[in-house]
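Work through the exercises below with the sequence and the model side by side. Try each task before reading its solution.

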Amino acid sequence: MEKQNVKRSNNKARTQQMLEMVKSGYDAKTIVETLGYTNVSAVYNTAKKHGLKVVPQCQSRQKQIIKLRKEGLSCRKIAEAVDD
């Protein structure tokens, strides 16, 4: 019984992390790679269940580019940062 409670708390923590990443504008692929989910549909379904919408990867990338440009990075530096 103790192991089951630990597993649930780990899942809750991971779900909370995922929801925070969705709120911050991360795309599903990045969330999957960061948190170790098995596929992007798990991210979309969990976000939908909590009333959130995951941004498409292209929008996430555009937001990152805009943020870096506002920080004053050159186009070359932005390209290097985004390609990572």
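Buried means under 20% relative accessible area, exposed over 50%, and partly exposed in between, with a 1.4 Å probe and protein chains only. The model is predicted: local features need pLDDT of at least 70, side-chain atom pairs count only at pLDDT 80 or more, and totals for chains, interfaces and linings use all residues. Residues are numbered from 1 along each chain as its sequence is written, and side-chain values use heavy atoms, with hydrogens and water left out.

**Exercise 1. Classify A28 as buried or exposed, then list its contacts.**

Step 1. Helices are DSSP runs of H or I with at least four residues, strands are runs of E with at least two, and both are numbered from the N terminus.

Step 2. Apply the cut-off. A28 counts as buried because its relative accessibility is 3%.

Step 3. Search for contacts, meaning heavy atoms within 4.5 Å. Leaving aside neighbours within four places in sequence, A28 touches V40, V43, Y44, V54 and V55.

Step 4. Check one pair by C-alpha distance. A28 and Y44 are 7.1 Å apart in space and 16 residues apart in sequence.

**Exercise 2. Which residues form the largest nonpolar core?**

Step 1. Set the rule: a nonpolar core is a set of buried Ala, Val, Leu, Ile, Met, Phe, Trp, Tyr and Cys residues joined through side-chain atoms within 4.5 Å.

Step 2. Collect the members. The largest core has twelve residues: M18, L19, M21, V22, A28, I31, V32, L35, Y37, V43, A47 and V54.

Step 3. Assign them to elements. Helix 1 (2-23), helix 2 (28-35) and helix 3 each supply at least two residues of this core.

Step 4. Inspect one member. Beyond its neighbours within four places in sequence, L35 contacts R14, Q17, M18 and M21.

**Exercise 3. Which residue lies over the face of Y37?**

Step 1. R14 lies over the Y37 face, at 4.2 Å from the ring centre.

**Exercise 4. How many helices and strands does the protein have?**

Solution. The count is five helices and zero strands. Buried residues make up 24% of its 84 residues.

Conventions. Lys NZ or Arg CZ within 6 Å of the ring centre and 35° of its normal.
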